[in-house]
Amino acid sequence: MVTQMDSRILGQLRVCIRATLSHVFDRVSSAIVQRYLAKILESALSQNAQIQSSAVDILTFTIKQGLAHPLQSFPVIVALETSPSQHLSARASSLHTILHAKLTSLLNARYVNSARASFDYQKQLTPGAVK
């Protein structure tokens, strides 16, 4: 027979277990993203639209959830803002806005790297046209 006190204790245990599982999931997600972030960023600059779209989805999730240090991905985000695809450029601009709102002073130190990433991305998109 379950008493009212037992029910309260069970309810508190459920809350504790959910919080613990959520914490474990967050740590595992962060570890996975950090391990593969270089490949994710490389894929975000891919010329294959499907690969690029999936990588940008993961990058968006990563930025919004704070799963990796945003300065690592900032040059790629700025490069994607120069994409000829309006949809992709808008998505990158949205991520830039999110990061700018949170980390303005830190981002200012990365603009040279970001300009270089944009230049390299444009060279990749249009070989021979950009020198």
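**View 1. Asp 57 is partly exposed, at 40% relative accessibility.** Buried means under 20% relative accessible area and exposed over 50%, with partly exposed in between (1.4 Å probe, protein chains only). This is a predicted model: local features need pLDDT of at least 70, side-chain atom pairs count only at pLDDT 80 or more, and totals for chains, interfaces and linings use all residues. Residues are numbered from 1 along each chain as its sequence is written, and side-chain values use heavy atoms, leaving out hydrogens and water. The side chain of Asp 57 forms a salt bridge with that of Arg 91 (2.4 Å, N to O). Asp 57 belongs to helix α2 (residues 49–65) and Arg 91 to helix α4 (residues 86–108), so the pair ties together parts 34 residues apart in sequence. Arg 91 is buried, at 19%.

**View 2. Glu 42 and Lys 39 meet in a salt bridge (3.9 Å, N to O).** The term means a side-chain nitrogen of Lys or Arg within 4 Å of a carboxyl oxygen of Asp or Glu. Both residues sit in helix α1 (residues 4–44), three residues apart, or about one helical turn. Helices (H or I, at least four residues) are DSSP runs, numbered from the N terminus. Glu 42 is exposed, at 52%.

View 3. Phe 74 is buried, at 0% relative accessibility, whereas Tyr 111 is partly exposed, at 32%.

Definitions and conventions: Helices (H or I, at least four residues) and strands (E, at least two) are DSSP runs, numbered from the N terminus.
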